[in-house]
Amino acid sequence: MASTSYLSTRGAAGAAPQSFSQILLGGLTPDCGLYLPAQYPWVDAAELDGWRGLAYHELAACILAKFCGDIPQADVEALTAKTYTAAVYCNVRPGQNAADITPLQWLGEEGGARLGLLCLSNGPTLAFKDMAMQLLGNLFEYALTKAGQELNILGATSGDTGSAAEYAMRGKRGIKVFMLSPHKKMSPFQTAQMFSLQDPNIFNLAVQGVFDDCQDIVKAASNDLAFKAARKIGTVNSINWARVVAQIVYYFKGYLAATTDSTQKVSFTVPSGNFGNVCAGHIARMMGLPIHKLVVATNENDVLDEFFRTGVYRVRSAEQTRQTSSPSMDISKASNFERFVFDLLGRDGARTAALFRQVEQEGGFDISSMPEFEHIANYGFVSGRSTHADRVATIRNLNKRYGVVVDPHTADGLKVAREHLDAGVPMLALETALAAKFSETIVEALGREPERPAAYRDIEALPQCFEVVPADASTVKEYIADHT
Ligand SMILES: *Cc1c(COP(=O)(O)O)cnc(C)c1O
């Protein structure tokens, strides 16, 4: 049975369930919660074993079909076949097969457990966000074409998300992207990645300010409802449900690659920030995938580690949010976390709403004395944190021991993964970016520059296309109005 109707984590009584296509282009629910399927589809052992041997895009179609029942199966298959190709996910390590899309690289045995890297960063921007964003680009184009509509995506980025969105949306019919970034504040590699795009539907706006100024402009434009409607403004941030669904697929793929039959269990470790990636792992587990542990790894910004250890969720202020050498995990609150809390509270929308109102008003909540917190282990979650010194030591150690070079985020994951090994249970650490994107930390750890995939060798020398604008919402709105 396809699960096709969606409800809100804040469960407004009487709110009509929505279909996948209805929520595809949206963000928050009308009552400011997040969308989740009314029921998680179940995958039994026979079905799971039947998926062994499927190509990535075939597996993706099987899983997606369970969530988007209002899109014809043949269209789902065409969309995944177009998205998950060896040509798009070509930046694999020597010896790996790009057709695997998410190759599993075994490192070795530690503490009686096989330790492996699930390589998710072989797409165009060399980070795992391409796994979901590339599908989103094709899904958006499909849905907009069908409805005869257009969409103008407005976003702010300090690096990873913006480039993944641009590479996913470039050349797509009916879509334009206006991406704000702080002028001269991104790394030369990240800047080149975004600004070297010459597609006429991609607009890079370099804002004379910091990342927060960019975000404020996006907020101001989105809160101007007349402008938002007239200019058909949308976003692609990490709460988008289709992004979560796309990420479920590689947990299945990794599981199938690590096992020979579905009586076996596997653990996953996930370098986490907004809880989007590991939320997909949680849902895979709720669908019946035999996951033993889901290990949440944070950096010094340890909001999530604190919660899983203590039951206290304490959002950080901008001043309390540290800038680290794993910058994509530098978050003050985890925007997808509400999805898990809803499940933990037995899908009680009223209680979830109360807790997250408390987050907005008082900056957090404490569920340590609720019976549900004692059940958290039933969901497989454990956690840990990693510091700059840990990252550097882990990058060095993995290089010496296994000859691999991992990026700082993946290193955070591996540091924490090693604290949660169980004899006989394979541990797959998710590789969320390639080392080439973070050369400074690699040089600190290994004394040399990381290898770059061939296509990126001279990316800084390519001509760049961007517009410098002041940190001023009305100027940006005028620019968008002139170009839509
Ligand atoms: C976005 C990102 C993360 C964090 O993922 P979430 O889904 O926000 O938890 C980790 N590592 C890298 C490299 C990222 O780009």
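How do the residues of the shell around the ligand divide into nonpolar, polar and charged? Let's walk through the answer, keeping in mind that this is a predicted model.

## The ligand shell

The shell holds five nonpolar, eight polar and two charged residues. Of the 15 residues around the ligand, those that come nearest are Lys-129, Asp-160, Gly-273, Asn-274 and Asn-277.

Lys-129 reaches the ligand through its side chain, where an N or O atom is 2.5 Å from a ligand oxygen. The backbone takes part as well: a polar backbone atom of Phe-275 is 3.0 Å from an oxygen atom of the ligand, and for a polar backbone atom of Gly-276 the distance to a ligand oxygen is 3.2 Å. As for cover, the ligand taken alone exposes 380 Å², and the protein buries 97% of that.

Now to another part of the model.

## A buried glutamate

One more residue for your tour is Glu-300, found in the loop between β10 (291-298) and α12 (303-310). Glu-300 counts as buried because its relative accessibility is 9%, and buried means under 20%. The side chain of Glu-300 has a partner too: a polar contact of 2.9 Å joins it to the side chain of Arg-391.

Conventions
Residues are numbered from 1 along each chain as its sequence is written. This is a predicted model: local features need pLDDT of at least 70, side-chain atom pairs count only at pLDDT 80 or more; totals for chains, interfaces and linings use all residues. Side-chain values use heavy atoms; hydrogens and water are left out. A residue is near a molecule or strand if one of its heavy atoms lies within 4 Å of it. A polar contact is a pair of N or O atoms within 3.5 Å; within protein, one must be able to donate a hydrogen and the other to accept it, and residues adjacent in sequence count only if both atoms are side-chain atoms. Accessible areas come from the Shrake-Rupley method with a 1.4 Å probe; for residues, only the protein chains shown count as cover. Ala, Val, Leu, Ile, Met, Phe, Trp, Tyr, Cys and Pro count as nonpolar, Asp, Glu, Lys and Arg as charged, and the others, Gly among them, as polar. Helices (H or I, at least four residues) and strands (E, at least two) are DSSP runs, numbered from the N terminus. Buried means under 20% relative accessible area, exposed over 50%, partly exposed in between (1.4 Å probe, protein chains only).
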